[in-house]
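Work through the exercises below with the sequence and the coordinates side by side, and try each task before reading its solution.

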Amino acid sequence: MADGADQSQLEQGTKDAGRLLREGRQRRSPSELSPCLQCGVRLAHFQRLLVSLLGADWVFLMILGFIMAVISFVMDIFVELLAEAHRWIYDMSDSHVFLQYFAWVAYSMILMCFAAGFANIVSPQAVGSGIPEMKTALRGVVLHEYLTFRTLVSKIISLTCVLGSELPVGKEGPFVHIGSMCAALLCKFMSLFSGIYKNEARNKEMLTVGCAVGIGCCFASPIGGVLFSMEVTSMFYVSRNYWRGFLSATFGAMIFRLLPVCNGVEETLVALYATKYRLDFPFDLQELPAFAAMGIVCGFGGAFFVYLYGKITLFVKKQKAMNSFLMKNVFLYSSLVSVLISTLTFPPGFGQFMAGKLTQRDSLISFFDNRTWSNHGIIADFDNDDHLAAWKHPQANVFIILTIFTLMKFWMSALSITLPIPCGSFVPIFVIGAAFGRLVGEGMATLFPEGINTDGHIFPIVPGAYAVVGAAALTAAVTHTMSTGVIMMELTGQISYTLPILISVILANIVSQSLQPSIYDTVIRIKKLPYLPPLRWGTREKSNIHVEDFMERDVRYVTLNSTYRDVYKILHSGSLKMLPVVKSAESMLLLGSVERAQLLALLKQRAQDQREGLAPSLPSSYRVHFQTSTEESPSTSANPDSHKPLKPVLKKSAVDEEEITNPYDSGISLKKLFCSQPDIDALQDYPDTEDDMILQEIEEWEEQQLDEQVNFNNCKIDPAPFQLVEGTSLHKTHTMFSVLDLDYGYVTSIGRLIGVVSLKELRKAIEGFLPADGVRLRPVLASFRDRGIRGARVDTAELHKLLDHQAS
């Protein structure tokens with residue numbers, strides 16, 4: 001007892017001494033340490049402070065905004081230089097019209113071919129807008145090589161050349177992709193300072209921020225950029241991303257507009273297309289019907305643009321000869337389209353009727369001008385160097401020129417965005433809508449040359465305001481977004497026209513969404529990307545659809561009593577990534593789900609264990625013939641004649657391992673999993689009857705091993721997979737799949753597995769069965785014609801049915 005007491009006192013004393021020592025170390029000030037230790041402590045403290053500072057959210061967001069602003073500013077400089085070089089070569093070739101035509105066409109064709117070749121050779125993922133791919137990536141689908149540095153370089157260089165060739169395309173869509181790529185690459189870099197950037201969910205949120213910054217640095221519109229990223233790239237937006245998107249987009253837009261001031265191009269921070277409309281009485285209430293009518297017309301125009309784009313794309317893909325001749329040769333297809341558009345915009349030719357010498361930026365500046373053109377045509381006091389002089393023609397008035405410009409640019413833009421190059425549809429639609437709005441504004445100014453009389457006050461019509469409204473409405477109709485109205489307000493600095501812009505945008509969305517999907521959803525369908533389409537408004541017939549109407553009833557499953565043979569057959573019958581686990585085939589009670597890779601690992605481990613234990617499992621008289629190792633055994637070493645080692649019966653090759661471990665391989669050999677045929681050379685010294693007996697015994701052993709019950713103890717099983725009930729509505733199913741980023745869900749009834757729903761079945765239920773080309777282009781007014789009302793179904797379950805299920 002004394003010894004135990006002494007030992008306990010000794011332990012208590014040791015603990016007290018350790019505590020006092022730790023407290024003493026904590027109370028020691030840095031001045032009491034040696035100079036080397038003091039320097040090390042300060043350096044460690046500074047390192048922790050630096051790492052925590054660089055890993056902060058606001059630092060990441062400001063760096064992202066700065067990078068995007070610099071990229072956008074430098075790209076605009078190079079695009080302007082390429083456009084000026086185009087004009088300089090054109091002006092230097094004024095000695096002959098044919099020489100001018102050759103210079104005008106060849107310059108655009110060379111830049112276009114270089115852009116197409118560079119994008120498709122360096123990184124084919126840089127082709128296109130990028131917004132459809134980002135919508136799919138944010139849905140949870142892994143798109144390889146879409147967010148790499150190689151794709152970023154390919155996208156920036158190719159897009160600069162495309163914009164410099166003056167093809168009617170924009171940089172808005174590609175800049176959303178560029179912003180996402182910068183965010184993804186910056187996350188990898190910032191993971192060195194903070195482990196939070198290694199989180200996949202966090203990085204996905206930063207991709208959404210990158211989309212907002214891309215719009216903010218493209219149009220200097222941070223508010224519109226955040227709203228656009230919410231509408232286009234995400235079906236459900238995380239609320240904590242609001243401040244991130246606004247901070248990064250605002251900082252990027254400020255730097256983007258501050259760089260021209262630092263460069264001496266501009267005097268102060270102003271809107272990108274600043275207007276000078278009157279503020280005291282911007283518009284009369286009698287003009288609101290005209291703005292509303294513009295929204296309705298733009299809604300039909302936007303739906304027809306999407307329809308035309310889809311028809312052009314599908315026509316090229318359906319024609320096999322044209323597909324192999326044009327689409328597979330990116331240089332040929334791009335050069336032909338470039339020559340066609342350059343020929344039609346050649347200024348001395350047909351381009352004189354559509355201001356072919358103006359760039360898209362110059363056209364927008366002229367459309368937003370606050371002066372009126374149509375009182376006497378183009379009035380004489382316009383200077384020849386002014387942008388407005390391009391719209392003056394001695395043989396045609398402004399209405400003919402604006403009509404030709406709108407119609408020609410309409411199909412040119414639809415054709416241009418089908419090219420295998422980085423291109424966006426936002427800016428060309430912007431220009432077309434502004435031209436249509438300017439046409440309507442000039443018509444209103446002609447009908448009311450003195451203005452509209454209101455209570456004795458007469459204010460003239462401002463045609464430029466109609467251009468602003470038309471640009472916002474047509475763009476909203478094509479993209480199915482409301483944020484284009486906010487982008488237009490920030491782009492022009494016109495807050496006084498908020499009501500007309502919003503009215504026209506809302507009406508354009510109502511009409512266009514009833515006729516066609518957005519341009520981005522159309523691209524997703526044509527490319528057959530795995531994206532869940534949104535539910536359209538007003539589809540009352542879809543409110544009566546339930547899970548049991550479109551679920552897959554033939555479900556492959558694994559039971560607790562499954563044998564290795566059953567597991568093999570299930571894996572061989574398909575390539576499902578997840579398989580449900582039920583209690584038995586009779587009860588079908590869902591217990592969880594297991595990954596395909598886990599089942600393959602079970603088969604592999606079982607085969608390996610049986611290979612190692614094959615010889616002991618056979619009778620003792622045959623063990624010598626089935627050694628599992630090539631090393632000599634005591635029996636063979638004792639016999640001097642048996643100098644040749646026997647080959648293993650269960651020899652495992654590298655090909656077998658690859659077939660077993662590949663979770664997507666459905667061509668697994670059943671015999672290879674457990675054993676191979678014995679080596680004939682090893683059995684040639686024995687009688688044939690003995691060989692037959694050995695082979696027969698091996699086959700019996702194989703059958704026994706395959707018919708053994710699977711042991712799931714070492715297998716990871718998800719005990720709570722996502723489940724639906726058969727009465728879940730289509731709308732609720734769509735919402736849950738969208739919010740949770742689901743790929744599949746099991747349908748149960750009182751816990752019993754009765755079906756499965758994947759994205760494939762859900763897409764079919766929403767859009768109907770798509771044709772082989774992957775897109776269904778609906779004719780005009782089809783949605784209004786086939787819309788019907790069905791009776792509502794009561795989602796109730798009788799009590800005796802529930803009791804019958806439980807009893808069974």
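**Exercise 1.** Determine which residues ring pairs link into a cluster with Y90.

Solution. Rings of Phe, Tyr and Trp (its six-membered ring) pair if their centres lie within 6.5 Å, and planes under 30 degrees apart count as stacked, over 60 as edge-to-face and the rest as tilted. With this rule, Y90 is linked with Y101, W104 and F346 in a cluster. The model is predicted, so that local features need pLDDT of at least 70 and side-chain atom pairs pLDDT 80 or more, while totals for chains, interfaces and linings use all residues. Residues are numbered from 1 along each chain as its sequence is written, and side-chain values use heavy atoms, with hydrogens and water left out.

**Exercise 2.** Count the aromatic pairs, then classify the one formed by Y277 and Y497.

Solution. Y277 and Y497 are edge-to-face, with 5.9 Å centre to centre and 80° between the planes. Because Y277 lies in the loop between α10 (241–262) and α11 (288–318), and Y497 in the loop between α18 (483–492) and α19 (498–515), the pair ties together parts 220 residues apart in sequence; helices here are DSSP runs of H or I with at least four residues, numbered from the N terminus. Taking buried as under 20% relative accessible area (1.4 Å probe, protein chains only), Y277 is buried at 5%, and Y497 is buried at 3%.

**Exercise 3.** Find the ring whose face R438 lies over.

Solution. The criterion requires CZ of Arg, or NZ of Lys, within 6 Å of the ring centre and within 35 degrees of the ring normal. R438 lies over the face of W373, at 4.2 Å from the ring centre.

Technical notes. Helices (H or I, at least four residues) and strands (E, at least two) are DSSP runs, numbered from the N terminus. Buried means under 20% relative accessible area, exposed over 50%, partly exposed in between (1.4 Å probe, protein chains only).
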